[in-house]
Amino acid sequence: MSLISVIEPVDDKEPPVGRFATRRKSVFAETYNPEEDEEDDGFKMVHPKSDEQRQRLSESVKNILLFRALDEEQMADVLDAMFEKTIQPGEFIIRQGDDGDNFYVIERGKFEVYVKDPTGVDSLIHTYDNRGAFGELALLYNMPRAATVKAITPGTLWAMDRQTFRRILLKSAYKKRKMYEDLINKVPMLKSLESYERMNLADALVPKQYSDGEQIIRQGDTADGMYFVEDGIVRITILGENGREIEINRVPAGGYLGELALVTHKPRAASAYAVGDIKLAFLDVEAFERLLGPCMELMKRNIDDYEDQLVKIFGSKTNISDIR
């Protein structure tokens, strides 16, 4: 975890006068337990927006890592729940030590982040330049703001209140972890992982959906990650000598594909297609290397098994990097 991610707290700054006199003194008792929240159709915060505002907000949030694993409905809830704030130079967005009220996404403007040193003097540790987000840690972990954020230019922020943020983000993470629990337990290769490693893997997986016949992996491409089959079947093909695609395998639910190119660091040596509408869980190359080290030897042994499979099809060994 980077330093800036550790100190990225934030607090909403509405009218400065009188705000702190009426705000609650502590948020620490207000916990949100996803297991106790069964109301998927409960109250949802909606701040009306023009089409132009919604387009600007969509552009601002599209690269926010916190939102990467949200599905379309959850992202719609995020867009509905955020409200626009116009910021003036010198305005304090959050102050170190305050309770966390809002999460912020930057649309435009420069913002400086300060943390008090042991002597109590503010020390500049980061500058946001027209992009980024801050304020999540105080909301996720019920901790006071760990830094002060100050505007140094006019700017625009998009804010989300803490209860909506926790409900969407924490419930999404909880549901995702539960959803992938069974999938991970069905993959023999992952049995060597400790329970905490499996939870980290579940958190890193990104849901993907493909329609019948849609290409998932293209032979010859650079490998960007691997896939676990959550629901449906994936058809694996390889180009024969006559340039025609030959089906060599089918991967059912509970199986996985795309890992061997990551192990061998070679281009994809096969293509993969959806058979019917399917759901996959994608693990990018960085997370693969970080989380699946304990499984690497097993995956390397699989290469020999796949080469034997090619011998049966083509009558001789083929230089493969990944026949999945």
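Modeller: Happy to! Let me start with the fold as a whole: among contacts in the protein with a separation of 6 or more, 78% are between residues 24 or more positions apart, where contact means heavy atoms within 4.5 Å. Please keep in mind that this is a predicted model, in which local features need pLDDT of at least 70 and side-chain atom pairs count only at pLDDT 80 or more, while totals for chains, interfaces and linings use all residues. Residues are numbered from 1 along each chain as its sequence is written, and side-chain values use heavy atoms, with hydrogens and water left out.

The protein has 10 helices and 14 strands; these are DSSP runs numbered from the N terminus, with helices being H or I of at least four residues and strands being E of at least two. Of its 324 residues, 46% are buried, a word that stands for under 20% relative accessible area, with exposed meaning over 50% and partly exposed in between (1.4 Å probe, protein chains only). The accessible surface comes to about 16,700 Å², and carbon and sulfur atoms account for 50% of that, by the Shrake-Rupley method with a 1.4 Å probe, where for residues only the protein chains shown count as cover.

Now to the core. In soluble globular proteins, nonpolar side chains tend to be buried together. A nonpolar core here is a set of buried Ala, Val, Leu, Ile, Met, Phe, Trp, Tyr and Cys residues joined through side-chain atoms within 4.5 Å. The largest one has 27 residues, and L190, F228, L283 and L292 have the most contacts inside it. Two or more residues each come from α6 (162-186), α7 (195-204), β11 (225-239), α8 (259-264), β14 (271-284), α9 (285-291) and α10 (296-314).

β11 pairs with β12 (residues 245-251) in the antiparallel sense over six bridges; two strands count as paired if DSSP finds at least two bridges between them. V234 has V251 in β12 as its bridge partner. Five residues separate β11 and β12 in this hairpin, and G243 in the turn has a positive phi of about 85°.

Elsewhere, four strands form an open sheet in the order β1-β8-β3-β6, with antiparallel pairing. β1 (83-87) and β6 (133-134) stand at the edges with a single partner strand each, so one side of each is left without a neighbour in the sheet. Within this sheet, β3 (residues 102-108) is joined to β8 (residues 155-161) by six bridges, and V105 stands opposite W158 in β8.

D161 also sits in β8. Its side chain makes a polar contact of 2.8 Å with the side chain of T164; such a contact is a pair of N or O atoms within 3.5 Å, and within protein one must be able to donate a hydrogen and the other to accept it, with residues adjacent in sequence counting only if both atoms are side-chain atoms. Not counting residues up to four places away in sequence, D161 touches M45, F83, D101 and N102.

N102 takes us to an annotated site. Its backbone oxygen lies 2.8 Å from a polar atom of the R145 side chain. The UniProt annotation "binding site", from an unreviewed entry, covers E136 and R145; UniProt positions are given in the numbering used here, feature names are shortened, and annotations may be inferred rather than shown by experiment. E136 belongs to helix α5 (residues 136-140) and is buried at 9% relative accessible area. R145, in the loop between α5 and β7, is buried too, at 2%.

Finally, a backbone detail to check: H265, in the loop between α8 and β14, has a positive phi of about 60° although it is not a glycine. H265 counts as exposed, at 63% relative accessibility.
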